[in-house]
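Colleague: Can we go through this one together? I'd like to start with strand pairing.

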Amino acid sequence: MKQKKNKTTFGTLALAMFWLVVLSGVVLAIPFDIKDPYLSISSIMVLNPWASIIRNFHYWSSQFFLLLSLIHLYDHFHRRGKIALKPGLAFRLSFSLLIIFLAMITGFLLKGDADSLQARQILQTLAERIPLIGKSLAYSILGDADSYQLIYVHHIATFTVFIAIAMVEHSRKYWPPATDFVLSTFGTLLISYFLSAPLHDNLNPAVKGPWYFVGFQEILHWLQHPAWSLLLFLGILILVYLVNTTKDKTMFRSKRTLLIFTIAYSVLTLTGLFFRGENWKWAMPWNEEYKYSVLHNFRTPGIDFTPDFTLEVGIAAPVVRGRKESCLACHNETHGFTDSHAAQAIGCISCHLGNPFATDKKQSHQNMILIPGNLSTAPQTCGTTQCHPEIVERVPTGLMSTLSGMISVDRFVFNEQDNPDSLTNVHQLGDSPADEHLRNLCVRCHLGNPKTELGPINEFSRGGGCLACHLNYSPEAEKALAGNTGEMINTHPQISLKVSNNHCFGCHSRSGRISTNYEGWHETTLLAGEMPDSSNYRLIENERVFVKQPADVHHELGMECIDCHHSYELMGDGTHYSHQENQQDVQCSDCHIEGEPRTIAAENLDNESAIIAALRFGNISGKEFLVTEKHKRALINTYFENDSIWFLTKNTGKKMAMKAPAAVCSRNEAHSGLACSSCHTAWAPTCIGCHNEYDANERGYNMIKNHEQTGSWVEYIGEYKAKLPTLGNRKNEGKTEIIPVLPGMIMTTDLKSFTNDNQDGTIFHRLYAPAAPHTTSSKGRSCVSCHNNPLALGYGEGKLEYLIENGKGKWEFQALYAADKNDGLPADAWIDFLQTREGKVSTRSDVFPLNVDQQQRTLTVGACLTCHDEKSDVMQKNLNHFDDLLKKRSAKCILPEWK
Amino acid sequence: MKGRRTFLKIAITGAVAFFVFVWNKLTLQHLRTSSGKQHTFPFNKNKTVAFNGGFIVVTKPEIRVFSAHCTHLGCKIDKMQGDRLVCPCHGSEYDLEGKVLKGPAYRDLTEMKASISEDATTLTIEG
């Protein structure tokens, strides 16, 4: 009899666990603060390992109590034969099952973290939907939304007392056997040492209920009317009651139903725990974000009684966003941040993740992101809900991330696409010759290319996500990094709005080379060893030799890239664009205004522009900012005041008065169809005679995977020259504009070298590309530089002469370069002399050479310019009434005749 | 004996019912006395969507204030994905007019009564 009394059963173990829960709960009440549960628990975890182990003990003993109670219940059911409890006791026992879950869930709510807050909302909504008493019930259990008082009272008293009474009543025992108590204590203690009770970092967007309700969360996800799910609880309680009170078939069917439910619920629980992530979307282990959105829930530190910091330092560490972060106890001297990104304001985990509640280095740094801001992890760092989610969502849509134009044009040139304007993405490259060409030679610069090494952004940098533009190392930070031998670095680089030209330089000194053009450097074909020892030459990336050319006038005035280009251009505006000129918003005429400016008052600015403006320039109230014509975006470093337009450089605050365009630019006669850059481009880098072929033995590079490989496309360049650009037509929306163009793709591609297919030959293209050379001069190009210049008209370099013979005038052109064997045109030409071309003529669908009429009209003026100086009165008058003047010309004036 | 038992059962049921009645009345009365709160927040008309505690303030195309609680189970919506308000608990989605775009929720977000101060710097939400 005595032996039977002390026999260990699941019931006695559950009883032991119950007492452990009560004991640990009483002790845990000392450091726990219902006024700020989340802060008090995070403080416990960071500062008080003894309290922490008691919290873990309370958590684990309660989980085991639940499990053992359920197993105890099953154990009873498992026995054949009836249980046949009295109805009253059976009712109270069934009801106590509900109370156990309520005690558990109120404990879960008392964490006060993101999971708990949402669970509380669900519990409240479900309770409120119970007919008649719902509102009262919900309030009686949960109380005021911003108070934990009632939840705490029910957790420690109401539910606990009820469970105690139910246990004692049905088991007739107050105390578990001593062995069970000792075993339970030490077993739970051991687990509590190694695994802490969970606490959400309030950063991860995935929220889940406690493990025993995750299956229920899955069920709720499928229900439009979730209140019906409450019947499920009622059904289970009735089934438990029936098993305990009935016999034969009813009992058997009730047992069977409960068993089926248990199996089904287990499957749903596993589904919810392991296959649901952010927003309860499916998450599979092979998905990139699985680790972050699912496994995150299972990461929990062990107890460390000798933390890597002293208690005093830990106490002094600031509270960040309602929590204590252990990171700041060790990194307490880290400095160098801007105010908005100071560790005291946003903590460390907002950017670097890791475990903020662990107290030793190894556990704290687990799953840390050393270099945040890369686009693959930006949603977890810069883009979390409390920081910049809308920007991080936009950035991948921008051209600097997609490289859509670059990819589309390349495929077009390889004859893989009918047009150069299809929307594409660098993450969708296939195995075609063009895509391999892109991988080998072109696509390293997309923003998604991850930054993998510490250090400042420099001319070697490519990509880097948010850091590509916003990372700045102070000299102190750079020195600290350079001299580091593995110990903790206290000087942190800055994340700031100070985006300098150097940030853009690495990528934009290539291809169109606008960064180098802007600063007045033109790339040569010289090797590093051949570079003359002169300040007129500059070596970039240790191998590229540049020679001095006139810099852009805006550069001379101290303006940087971001002074013109605003946040919606650089970080995308959410729209996928085909080409840079579509995404690019700012035009010369937005700032250099004749007449009434377009403005927007400070109080009407969009939020992003208002924040940036305020951060850069302080109080902006009352200011009227200019607005772009194209995308209607505010230019926050301009303002209209006292009938003048003022401009401020963003990084240095240098103030300048904005000039209106010269009269010659703004009249509506000749030249009204010209883009400003057609005249004001001082020079542009050109390249002709390129050839591409694939070499299977060449040491190459995969720019997507960032590794070397054998076999690569190789580009053989012809020559680089700094020249005045050619003029072309951009035709869209019924409007034709004359724009500068360059020989973008006059090249041959040996397709067969890649495909090894004899049917593939050599592709030849003569495509010009629209250009934005960023070599603006305040003075426009001369009249003759267009009207008497074969290069400007598209014929290429050569001798263009106006001849008058026998009273008849005619233009003659002799090309500098020999005719290309592929199409008979000179190597640098876009069109033949006084001819035009159609079809595949440029790297855009809307850009064409000058037509014959345009060439003839241009050359007619050119004929005049052979005798009359461009500054002469007659030529100046020509600008307004050319056709009238032609009619009044003297007999000496011989106009060209066209055949 | 049987009569006494029946009497006791009825008396206990009556006592419990009385207690439930008083509890229900008490709680509802308390809820009434503590309801009708006003919530005042700084207002930024340039922010298209602002999450202010339990409310979502949308300024375009017009200023409207919605309860941030998802109509499915009351979870607090605190983020947007693209141009959609997304519930973190079960993924219900709403447009900026509070209309349900994707379930499990099927009812639109509850619109709140709100007023903006004369200088357009604060927003007062009823209830």
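Colleague: Which residue is the bridge partner of B:Val58 in S4(B)?

Modeller: B:Arg64 is the bridge partner of B:Val58. Strands here are DSSP E runs of at least two residues, helices are H or I runs of at least four, and both are numbered from the N terminus. This is a predicted model, where local features need pLDDT of at least 70, side-chain atom pairs count only at pLDDT 80 or more, and totals for chains, interfaces and linings use all residues. Residues are numbered from 1 along each chain as its sequence is written, while chains are lettered from A and ligands numbered from 1 in the order in which they are written.

Colleague: In which sense do S3(B) and S4(B) pair, and over how many bridges?

Modeller: Strand S3 (residues 55-58) and strand S4 (residues 64-67) of chain B are antiparallel, with four bridges. Strands count as paired if DSSP finds at least two bridges between them. The link from S3(B) to S4(B) is a hairpin of five residues.

Colleague: And which residue does B:Val65 bridge to in S9(B)?

Modeller: B:Met112. S4(B) and strand S9 (residues 111-112) of chain B run antiparallel, joined by two bridges.

Colleague: What is the overall make-up of chain B?

Modeller: One helix and 11 strands.

Colleague: Why call chain B more spread out than a compact globule?

Modeller: Its radius of gyration is 22 Å, well over the 14 Å from the globule rule for 127 residues, so chain B is more spread out than a compact globule. The radius is taken over C-alpha atoms, and the rule is 2.2 Å times the number of residues to the power 0.38. The C-alpha trace of chain B spans about 75 × 35 × 15 Å along its principal axes.

Colleague: How much of chain B counts as buried?

Modeller: 27% of its 127 residues. Buried means 20 or more other C-beta atoms within 10 Å of a residue's own; exposed means 12 or fewer, partly exposed is in between, and C-beta atoms are placed from the backbone.

Colleague: What does H10(A) pack against?

Modeller: Its buried residues pack against helix H5 (87-109) and helix H12 (248-275) of chain A. A:Phe213, A:Phe216 and A:Leu220 are among those buried residues.

Colleague: Which residues touch the most other members of the largest nonpolar core?

Modeller: A:Met17, A:Phe18, A:Phe65, B:Ile56 and B:Cys89, in a core of 99 residues. A nonpolar core joins buried Ala, Val, Leu, Ile, Met, Phe, Trp, Tyr and Cys residues through C-beta atoms within 7 Å. Beyond neighbours within four places in sequence, A:Phe18 is in contact with A:Phe65, A:Ile163 and A:Met167.

Colleague: Last one. How far apart are the C-alpha centres of domain 1 and domain 3 of chain A?

Modeller: They lie 75 Å apart. Domain 1 is 9-296 and domain 3 is 676-887, with bounds from an automatic or database domain assignment.

How values were computed: Two residues are in contact if their C-beta atoms, placed from the backbone, lie within 7 Å.
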